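I opened this model to look up a few local features. My notes follow in the order I checked them.

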Amino acid sequence: MTLFWRFRSTAGLLLPAMLALALASCRKQEEAGSLVVGFSQMEHNNPWRLAQTASMKDEAAKRKYELVVTDAQGQTSKQVSDVEDLVARGVDLIVLAPREYEGLEPALQAAKEAKIPVILVDRETAGKAGEDYVTFLGSNFVEQGERAGEWLAKETGGKAGIVELTGTPGSSVAMDRAKGFRQAIAKHPGMQIVASQTGDFSRANGQSVMQNIIQSKGKEITAIYAHNDEMALGAIEALKAAGMKPGTDVKVVSIDGERAALEAIQRGELGASIESNPRFGPLAFETIEKVRRGEKVPPKILIEDRFFDRSNAAQFVAEAY
């Protein structure tokens with residue numbers, strides 16, 4: 001990384017010691033090969049996002065990179081501005097966790113014009129790998145939905161009235177998890193989605209939405225598929241408040257594999273959770289270094305996700321986020 005130092009004299013004087021210190025710091029940073037990486041995070045309002053950002057910070061510190069983190073606070077328009085700010089700052093590379101699939105084209109264009117590589121993590125956005133961004137790092141979200149649907153079909157004998165709690169409207173993850181789940185249950189005519197509504201990946205929203213659905217659908221509900229653990233945990237509270245037994249009266253399956261979810265599995269309230277690991281730091285910086293060396297990077301780098309149920313939840317709960 002080329003560093004530009006501006007020195008302004010005060011009353012025409014510049015202290016030699018300060019100049020020497022600055023130049024020494026510059027040389028040390030260049031020798032370490034340090035880069036400035038921008039990380040555009042979509043929000044910090046749930047355990048998954050907090051764990052992801054912590055992983056990025058930990059890995060940056062470990063490898064002696066400077067990491068500049070922005071928080072779009074759940075707004076695509078702000079995320080566009082955040083990326084444009086990172087471009088204006090002159091970062092060397094941007095890691096982008098897109099809030100929505102559409103709407104981030106101006107951000108990608110700004111980075112492209114500035115010749116700043118962009119790596120997508122955990123969600124995809126409109127554009128083409130190799131042209132608008134370098135690569136996408138993340139899970140196979142369609143497969144996650146399929147695994148949830150297959151588990152639920154087995155647990156219910158292929159007959160269920162399902163409530164689906166979906167993620168962020170317009171996000172690639174919500175669309176793909178819905179698609180995969182529907183593909184799996186399509187093989188079982190007795191499995192019907194009686195209600196599908198967004199909880200925006202929030203525990204509080206998941207609980208509130210589920211309370212309303214219980215009032216309208218009542219005993220039609222025999223299963224819940226939540227696009228993430230936080231919404232599932234909120235839905236479980238709504239079931240209990242309504243006098244329904246999660247895990248017995250209503251089978252619940254979700255995605256992420258957070259610690260609170262594994263604990264709920266141990267209690268018998270949550271049936272299963274498909275992992276979607278937030279700890280992207282090591283893979284992200286490994287990919288950054290490949291890009292820096294000029295190595296060819298595939299358009300997608302997919303993560304293998306584990307499956308948690310009562311057979312193994314106790315084994316992995318301590319290491320969960």
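**Strand β5 and its neighbours**

I began with leucine 137 in β5, whose bridge partner is valine 121. I take helices (H or I, at least four residues) and strands (E, at least two) as DSSP runs, numbered from the N terminus. The model is predicted: local features need pLDDT of at least 70, side-chain atom pairs count only at pLDDT 80 or more, and totals for chains, interfaces and linings use all residues. Residues are numbered from 1 along each chain as its sequence is written, and side-chain values use heavy atoms, with hydrogens and water left out.

I then looked up the pairing. β4 and β5 run parallel, joined by 3 bridges. Strands pair if DSSP finds at least two bridges between them. β5 also pairs with β11 (residues 300-302), again in the parallel sense, over 3 bridges. There, leucine 137 stands opposite isoleucine 301.

Next, the side chains of β5 (residues 135-138). Thr135 and Leu137 point one way, Phe136 and Gly138 the other, and all are buried. Buried means under 20% relative accessible area, exposed over 50%, partly exposed in between (1.4 Å probe, protein chains only). In a regular strand, side chains alternate between the two faces of the sheet.

**Rings**

I found 5 aromatic pairs in the structure. One of them joins phenylalanine 136 and phenylalanine 141, edge-to-face, at 6.4 Å centre to centre and 65° between the planes. Rings of Phe, Tyr and Trp (its six-membered ring) pair if their centres lie within 6.5 Å; planes under 30 degrees apart count as stacked, over 60 as edge-to-face and the rest as tilted. Both phenylalanine 136 and phenylalanine 141 are buried.

**Helix α2**

I checked the span of α2 (residues 47-63). Its 17 residues reach 24 Å from first C-alpha to last, close to the 24 Å expected at 1.5 Å a residue. The expected span is 1.5 Å times one less than the number of residues. What caps its N-terminal end? Asparagine 46 does, with a side-chain oxygen 3.1 Å from the backbone nitrogen of tryptophan 48. After α2 comes lysine 64, with a positive phi near 65°. Buried residues of α2 include Trp48, Met56 and Ala60.

**Glycine 157**

Last, I looked at the loop between α5 (141-156) and β6 (159-166), where glycine 157 is found. Is glycine 157 buried or exposed? Glycine 157 is exposed, at 66% relative accessible area. Its C-alpha lies 8.8 Å from that of glycine 190, 33 residues apart along the chain.

How values were computed:
A polar contact is a pair of N or O atoms within 3.5 Å; within protein, one must be able to donate a hydrogen and the other to accept it, and residues adjacent in sequence count only if both atoms are side-chain atoms.
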